[in-house]
Amino acid sequence: VSTQSTGSSGINAEYGKQWYQRRVRGLVHRSQLFLFRFISLLEKMNNIVDLPGWLKSTDYTGPVGITVKCFIRPETVEEYKILMKEHLEETLKEPGLLHFQFNSDYESDSIFCFVEEWKNPAALLTHLSTSWFKDHFLKRSIPMSQQASLRALYKLNAVFHKRHPALSTKLAFKKKKTLRCRFGPYGAAQRQYNSSPKLVLT
């Protein structure tokens with residue numbers, strides 16, 4: 001009896017070991033697959049092909065945001081920064097702009113990300129149709145690029161949003177109707193909606 005019990009427990013232990021190993025291998029495989037897909041998504045970033053087409057056809061009328069990642073040739077970085085500052089000044093003239101931010105990559109000095117938030121899809125479509133954007137910004141920025149930029153479009157429906165009270169940059173459209181935009185280390189831009197709108201660069 002004892003011999004049978006010992007043999008039975010040995011079989012159960014071996015079976016349990018094999019089951020555990022298969023389970024671990026399965027979890028590792030799924031984790032690796034998820035990580036691969038996540039990294040691929042980050043590398044591609046693009047979530048829309050026909051941006052103007054969606055802006056024209058969508059029924060959504062709320063605010064939208066777009067993040068663009070640009071890969072600039074190292075020898076044209078300073079020229080690109082100047083162009084982006086001009087782009088900010090021109091973009092601030094458009095009433096539908098809510099927010100504009102220009103940032104450099106954490107690792108590379110020739111990769112930049114800029115974020116734009118617009119009142120609605122129509123405002124963003126108008127921005128993409130301006131003569132400044134089509135005839136000046138695109139024609140000057142494309143030759144500076146190493147590769148095509150990456151774009152991510154999203155609805156500003158704020159599933160979770162909490163602004164820290166210590167942050168100085170605010171969007172207020174109630175009483176003073178003030179818009180403030182940050183331009184990284186290259187200056188801050190502010191536009192006030194009143195009887196005589198002014199653009200102030202510091």
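## Overall architecture

From the N terminus on, the elements of this chain follow the order α-α-β-α-β-β-α-α-β-β-β-β-β. In total there are five helices and eight strands; helices (H or I, at least four residues) and strands (E, at least two) are DSSP runs, numbered from the N terminus. The model is a predicted one, in which local features need pLDDT of at least 70 and side-chain atom pairs count only at pLDDT 80 or more, while totals for chains, interfaces and linings use all residues. Residues are numbered from 1 along each chain as its sequence is written, and side-chain values use heavy atoms, with hydrogens and water left out.

Of the 202 residues in the chain, 32% are buried. Buried means under 20% relative accessible area, exposed means over 50%, and partly exposed lies in between (1.4 Å probe, protein chains only). Among the contacts in the chain with a separation of 6 or more, 69% are made by residues 24 or more positions apart; a contact means heavy atoms within 4.5 Å.

## Helix α3

Helix α3 covers residues 77–91, a run of 15 residues. From its first C-alpha to its last it reaches 20 Å, close to the 21 Å expected at 1.5 Å a residue; the expected span is 1.5 Å times one less than the number of residues.

The buried residues of α3 are V77, Y80, K81, L83, M84, H87, L88 and T91. These residues lie on the same side of α3 because they cover an arc of only 165° around the axis, the arc being that of the directions from the helix axis to the C-beta atoms. On the other side of the helix, E78 and I82 are exposed.

## Helix α5 and its packing

In helix α5, which spans residues 131–141, the residues W132, F133, F137 and S141 are buried. They cover an arc of only 80° around the axis and therefore fall on the same side of α5. The buried residues of α5 pack against α3 and against α4 (121–129).

A123 touches E94, G96 and W118, not counting residues up to four places away in sequence. A123 and P63 are 60 residues apart in sequence, yet their C-alpha atoms are 9.1 Å apart in space.

## Salt bridges

The model has four salt bridges, each defined as a side-chain nitrogen of Lys or Arg within 4 Å of a carboxyl oxygen of Asp or Glu. One of them joins the side chains of K81 and E78, at 3.5 Å from N to O. K81 and E78 are separated by about one helical turn, because they are three residues apart in helix α3. K81 is buried, with a relative accessible area of 17%, whereas E78 is exposed, at 54%.

A further salt bridge is formed by the side chains of E86 and R140 (2.9 Å, N to O). This pair links distant parts of the chain, with E86 in helix α3 and R140 in helix α5, 54 residues apart. E86 is partly exposed at 28% relative accessible area, and R140 is partly exposed at 33%. The side chains of R73 and E75 also meet in a salt bridge, at 2.6 Å from N to O. R73 counts as partly exposed at 28% relative accessibility, while E75 is exposed, with a relative accessible area of 58%.

E116 belongs to strand β3, which comprises residues 111–118. E116 is buried yet has no salt bridge, and the nearest side chain of opposite charge, R151, is 10 Å away.

The side chains of E116 and H87 are joined by a polar contact of 3.5 Å. A polar contact is a pair of N or O atoms within 3.5 Å; within protein, one must be able to donate a hydrogen and the other to accept it, and residues adjacent in sequence count only if both atoms are side-chain atoms. Not counting residues up to four places away in sequence, E116 touches V64, G65, I66, H87, H99, F100, L124 and H127.

S108 lies in the loop between β2 (97–104) and β3. At 22% relative accessibility, S108 is partly exposed. A polar contact of 3.1 Å joins its side chain to that of S110. The C-alpha atoms of S108 and P74 are separated by 9.6 Å, although the two residues are 34 residues apart along the chain.

Terms used. Lys and Arg count as positive and Asp and Glu as negative; His and the chain ends are not counted.
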